[in-house]
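Keep the viewer open and follow along.

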Amino acid sequence: MHDLEWLFGYGSVIYRPSFPFVERRPATLRGYARRFSQASDDHRGTAALPGRVVTLQAADGAVRGIAYRFARADAAAVFADLDVREQAGYAPQRVTIELDDGPAVPAIAYIAPPGNAWDAGDESLDTIAARILIAVGPSGPNVEYLLRLADALRDLGDDDPHVRALAERVRAGLAAR
Ligand code: BEZ
C-alpha cells in the first residue's frame, strides 16, 4: 500500500480530510455505488443506537469523490490517521480512479466489504433516514454527516440518487419536528 500516493475519498473524507496532502482533485471510481449500509457505533452513533454511514458496494455505475495526493513520506501518517478514524469494518483496498482532466491512477479507498461486522444489510431508504434522524455519536449527529456529504456532492456537481433520496427524507423529517 505504501507505494501508492493517491487516496480516493467518497464519504466524510470529501469534506473533512484529516491527513496531510499536497493536491486534491475530483475523481471517479467505476464499478461501485455509494451506500449508507454501514452501522456506525463509534462516530455517528453509539453501541445502543448505531448511525448509518457510507461504504462502497460493487455495482454498475460510478462514484464521484475527491482524490488526495499525498507525499510518499507521509504515507504512514495518512494510513495511520485513516486506520484510527475509520476502524469499524473498513479496510484499505487498491482501486483505479480516473482523475478529472487527467489520467487513471492507482489509489487506495477505504471500503467496508459485505458481511463485515457492521454491515447493516439492505435497508429501505425510509429505514435508513429514520435512523439517521435520531443517531448521534462522538463525532456529532448522523444528520450532519449526511447533509454535509450531500452538500459536498452538490458542490462537486454530482447527483448521487441514493444520497439525494436520503437527504430529501431527512430534511422533511427535520422540518416536521
Ligand atoms: C471516505 O470518506 O473516503 C471514507 C469513508 C469511509 C471510511 C474511510 C474513508
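## Setting out

Where is Asp101 found? Asp101 sits in the loop between strand S4 (91–99) and S5. This is a predicted model, in which local features need pLDDT of at least 70 and side-chain atom pairs count only at pLDDT 80 or more, while totals for chains, interfaces and linings use all residues. Residues are numbered from 1 along each chain as its sequence is written, and side-chain values use heavy atoms, with hydrogens and water left out.

Helices (H or I, at least four residues) and strands (E, at least two) are DSSP runs, numbered from the N terminus. Most residues other than glycine have a negative phi. Asp101 is also exposed, with a relative accessible area of 82%. Here buried means under 20% relative accessible area, exposed means over 50%, and partly exposed is in between (1.4 Å probe, protein chains only).

## Helix H3 and its buried face

Which residues of helix H3 are buried? In H3, which spans residues 125–134, they are Ile128, Ala129, Ile132 and Leu133. Seen down the axis of H3, these buried residues fall within an arc of 135°, so they line one face of the helix. The arc is that of the directions from the helix axis to the C-beta atoms. An α-helix has 3.6 residues a turn, so residues three or four places apart point the same way.

The buried residues of H3 pack against strand S2 (23–40), strand S3 (51–69), H4 and H5. Contact means heavy atoms within 4.5 Å.

## H3 against its helix partners

Two packed helices are described by the angle between their axes and the distance between the axes. Axes are lines fitted to C-alpha atoms, for helices over the stretch in contact, and angles run from 0 to 180 degrees between N-to-C directions. H3 and H4 pack at about 120°, and their axes are 6 Å apart. On the H3 side, Arg131, Ile132 and Leu133 meet Asn142, Val143 and Leu146 in H4. By class, this contact has four nonpolar, one polar and one charged residues. (Ala, Val, Leu, Ile, Met, Phe, Trp, Tyr, Cys and Pro count as nonpolar, Asp, Glu, Lys and Arg as charged, and the others, Gly among them, as polar.)

For H3 and H5 the angle is about 55°, with the axes 9 Å apart. H3 and H5 are therefore oblique to each other. Angles under 35 degrees count as roughly parallel, over 145 as roughly antiparallel, 65 to 115 as roughly perpendicular and the rest as oblique. The crossing of H3 and H5 is right-handed; a crossing is left-handed if the near helix is turned anticlockwise from the far one by less than a right angle, and right-handed if clockwise. The contact of H3 with H5 includes Leu125, Asp126 and Ile128 from H3 and His162, Ala165 and Leu166 from H5. Its residues divide into nine nonpolar, two polar and two charged.

## H4 with H5

Helix H4 (residues 142–155) and helix H5 (residues 161–175) pack at an angle of about 130°, their axes 10 Å apart. That makes H4 oblique to H5. The crossing of H4 and H5 is left-handed. Among the residues making the contact are Val143, Leu146 and Leu147 of H4, together with Val163, Leu166 and Val170 of H5. The contact of H4 with H5 divides into 11 nonpolar, no polar and two charged residues.

Beyond residues up to four places away in sequence, Val143 touches Ile132, Leu133, Val170 and Leu174.

Phe8 lies in strand S1 and counts as buried, at 2% relative accessibility. Leaving out residues up to four places away in sequence, its contacts include Ala27, Leu29, Val63, Ile97 and Ile108.

Tyr10 has its place in the loop between strand S1 (6–9) and helix H1 (12–15). Is Tyr10 buried or exposed? At 6% relative accessibility, Tyr10 counts as buried. With residues up to four places away again not counted, Tyr10 touches, among others, Arg34, Leu56, Tyr90, Tyr110 and Leu149.
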